[in-house]
Amino acid sequence: MYAIISEGGRQLKVEEGQQLDVDYRDLPVGEQVKFDRVLAYRDDAQFKVGQPVVEGASVTAEVLAVVQGPKLVVQKARRRKTYRRKTGHRQLYTRVKISKIDVG
């Protein structure tokens, strides 16, 4: 069984037991997160697509940790002016584990 959810402007295919990184949320470890925008789901018997979301369906996940993404390097330069700046950025993500897919 899997579901396709919309979170943070992206569509994610999730299954029970899967770990994934979503946009940062200020939640303690062990807290439950509920994703209500389920676009589609599939189980052994059927495949259902929402218009635009499946009514009554939700995905529940447990917060595991707050992690940092890969380092992005930002370089600025102006030609012939001896102007160079190099900075970096690491985005924060919340790592969650999908615990339940409820189709209502």
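Which residues does V38 touch, not counting residues up to four places away in sequence? The points below take up this residue and then the rest of the predicted model.

1. V38 belongs to strand β5, which covers residues 38–42, and with 2% relative accessibility it counts as buried, since buried means under 20%. Not counting residues up to four places away in sequence, V38 touches A3, I4, I5, V53, V54, A57, S58 and V59. The C-alpha atoms of V38 and P52 are 8.7 Å apart in space, while the two residues are 14 residues apart in sequence.

2. S58, one of the residues touched by V38, lies in strand β7 and counts as buried at 6% relative accessibility. When residues up to four places away in sequence are not counted, S58 touches K34, F35, D36, V38, K100, I101 and D102.

3. An open sheet is formed by four strands in the order β3-β10-β7-β4, with antiparallel pairing. Strands β3 (19–23) and β4 (32–35) stand at the edges, and because each has a single partner strand, one side of each is left without a neighbour in the sheet. From one strand to the next, the twist averages 45 degrees.

4. Within this sheet, strand β7 (residues 58–68) and strand β10 (residues 92–102) run antiparallel and are joined by 10 bridges, and A61 stands opposite I98 in β10. S99 also has its place in strand β10, where it is partly exposed with a relative accessible area of 39%. Leaving aside neighbours within four places in sequence, S99 is in contact with E16, Q32, T60 and A61. The C-alpha atoms of S99 and V33 are separated by 9.8 Å, although these residues are 66 residues apart along the chain.

5. Strands β8 (residues 72–78) and β9 (residues 83–89) run antiparallel and are joined by seven bridges, with V73 standing opposite G88 in β9. The two strands form a hairpin with four residues between them, and R80 in the turn has a positive phi of about 65 degrees.

6. The count of salt bridges comes to three. In one of them R25 pairs with E7, with the closest N and O atoms 3.2 Å apart, and this pair links distant parts of the chain, R25 being in the loop between β3 and β4 and E7 in strand β1 (residues 2–7), 18 residues apart. R25 counts as partly exposed at 27% relative accessibility, whereas E7 counts as buried at 7%.

7. A salt bridge also joins the side chains of R10 and D23 (3.0 Å, N to O); R10 lies in strand β2 (residues 10–15) and D23 in strand β3, so the pair ties together parts that are 13 residues apart in sequence. R10 counts as partly exposed at 36% relative accessibility, and D23 counts as partly exposed at 28%.

8. D21 and R95 form a salt bridge in which the closest N and O atoms are 2.8 Å apart. This pair links distant parts of the chain, with D21 in strand β3 and R95 in strand β10, 74 residues apart. D21 is partly exposed, with a relative accessible area of 33%, and R95 counts as partly exposed at 30% relative accessibility.

9. Y24 is found in the loop between β3 and β4 and is partly exposed, with a relative accessible area of 40%.

Terms used
Residues are numbered from 1 along each chain as its sequence is written. This is a predicted model: local features need pLDDT of at least 70, side-chain atom pairs count only at pLDDT 80 or more; totals for chains, interfaces and linings use all residues. Side-chain values use heavy atoms; hydrogens and water are left out. Two strands pair if DSSP finds at least two bridges between them. Axes are lines fitted to C-alpha atoms, for helices over the stretch in contact, and angles run from 0 to 180 degrees between N-to-C directions. Buried means under 20% relative accessible area, exposed over 50%, partly exposed in between (1.4 Å probe, protein chains only). Contact means heavy atoms within 4.5 Å. A salt bridge is a side-chain nitrogen of Lys or Arg within 4 Å of a carboxyl oxygen of Asp or Glu.
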